[in-house]
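Subject: Structure handover

Hello,

Here is the structure I promised to pass on. Please open it first, then read my notes below.

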Amino acid sequence: MGDTQELKNLVNYGLVKAHVAMGLIFFIIVALMGFLYSLQLDGIYPFPGIEFLSPGRVRMIHTAGAAYGFLVNMFTGLLYWAVPRFTGYRVLSDKLGWFMFYALQAAVLITVVAILFLGQADNVEWGETPWWIDPIIVFWLLLHLIQFGAPLYKASQRGPLYVSGWYISAMLVWTPLVVFMGNLIPRFWSVGSGAGAVQSTFIHDLVGLYVTPVAWGLMYYFVPVIMKKPMWSHGLSLLGFWGLAFFYPMNGVHHFLWSPIPMFAQYSAVFATVAVEFAVTSVLINFMMTLRGSAEQLKYNVPLRYMYTGAIFYWITCFQCAFHVTLTFQKVIHFTDWVTGHAHLIMFGTFGLWVLGMAEYIWPRLFGKETMYSKGLSEGAYWLMGIGVFAMFIDLTAGGLVQGFDWIGLNPWIDSVNFSKPFWYFRSVAGIMMITGLLMYAVNFYKTATAGKSLSAELKSDTV
């Protein structure tokens, strides 16, 4: 769609650089917070007795920072790159974009200060931000809607939207509703088990109605661009979209099986969770069939390898989810490290690897270069993070089964703690691998941005 200069004029490179760089910085911080928290379970926490660095507060920085500091920054930067390219229109306003950038960083930093130093947080998983920040986040998401909705709307008036536009358009509408529902309704309008049902729905809907559609939409853009071939099936891409839209919203209650929440809601969550796995499988089939005949690219194209590794991890976690949401499985694995391993494989192993692969693809192009600074750093970072997160997943899945069966046996609680210690030590080792890979990735980004100019990589064929 047009020549190179026209493509460059569609995108504000500064906004892309700023969001991706801040997303990477926050990713390093939240990874370090997660490792620090793991040391508490190993009995070697380095800051005992320091209130503002207590493990509970550090853990909330780990989860809230991953959501709003890492993922929102990364996804927003990637949207600034992709949406103008597949729509052919600029976002609504560059000035609005910079206002949103600084507002987002301020909201994340205020959350950190409020949690660590003021001890203020909501008791909502992934919604730990103090309640008085939540209206600001909803307002930011409404700005987010009009900023990216403008080019999507213009493109829809010209002709049918590409499937990335479907996913991203839906995400722009769903997300402010989800954040409002999960953070404000339980505080002001709902109590007891009803509030628990709303909060549990929010926990998963933030994943399923924000992270998932924006990630899938970006994958449907980046994979064919990198491979220089169309997706295998447009029909499958739409099947995945409608499966997500119809079945994901009720998933969250499956975190509260065997609770006072009405059984019809629990049964509906089990059904919806199993059903959405068919949508996930259709998406994975589409990407795997697109790879057919081009698998050789995985040997040398690290960004593409990140994306396909994340896709495989995605199917593993969703296949696992279809089992562990049943009432039978929940008797064993509820509140165990199985759930922690599952969460890390989907958030780091899938969505984390996806955005890291996408960012590595665009980063040298933002600076007019052909490739990243070091192929060795790229390969090392990929292998350390990929192996590290999968090892953590296997370790915590096994540890969770040990814990669950120990509790079912009505053994003394301390027995499950002692049985878990080897698994917790191994988790910290896997965490060291992941953080080392992430630091290598960050060094490569820094060197790519600051090293001397190479031959221009001016976004050849970077449209769909």
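Ile115 is buried, because its relative accessible area is 1% (buried means under 20% relative accessible area, exposed over 50%, partly exposed in between, with a 1.4 Å probe and protein chains only). Ile115 sits in helix 4, residues 94-116. Helices here are DSSP runs of H or I with at least four residues, numbered from the N terminus.

Before going further, note that this is a predicted model: local features need pLDDT of at least 70, side-chain atom pairs count only at pLDDT 80 or more, and totals for chains, interfaces and linings use all residues. Residues are numbered from 1 along each chain as its sequence is written, and side-chain values use heavy atoms, with hydrogens and water left out.

Back to Ile115. Setting aside neighbours within four places in sequence, Ile115 contacts Arg57, Met60, Ile61, Gln120, Ala121 and Glu128. Contact means heavy atoms within 4.5 Å. Ala31 is 84 residues from Ile115 along the chain, and their C-alpha atoms are 17 Å apart.

Thr63 belongs to helix 3, residues 55-87. Thr63 is buried too, at 8% relative accessibility. Not counting residues up to four places away in sequence, Thr63 touches Glu125, Trp126 and Glu128.

Now a helix pair. The axes of helix 5 (residues 134-158) and helix 6 (residues 163-188) come within 10 Å and cross at roughly 170°. Axes are lines fitted to C-alpha atoms, for helices over the stretch in contact, and angles run from 0 to 180 degrees between N-to-C directions. The crossing angle therefore makes helix 5 roughly antiparallel to helix 6 (over 145 degrees). The residues of this contact divide into 16 nonpolar, six polar and one charged. Nonpolar covers Ala, Val, Leu, Ile, Met, Phe, Trp, Tyr, Cys and Pro; charged covers Asp, Glu, Lys and Arg; the others, Gly among them, are polar.

Two loop residues deserve a look. Lys228 lies between helix 7 (192-227) and helix 8 (234-247). Its phi is near 60°, a positive value in a residue other than glycine. Lys228 is exposed, at 59% relative accessibility. Leu410 lies in the loop between helix 14 (375-408) and helix 15 (413-450). Phi of Leu410 is also positive, near 60°. Leu410 is exposed at 75% relative accessibility.

Best wishes

Definitions and conventions. Angles under 35 degrees count as roughly parallel, over 145 as roughly antiparallel, 65 to 115 as roughly perpendicular and the rest as oblique.
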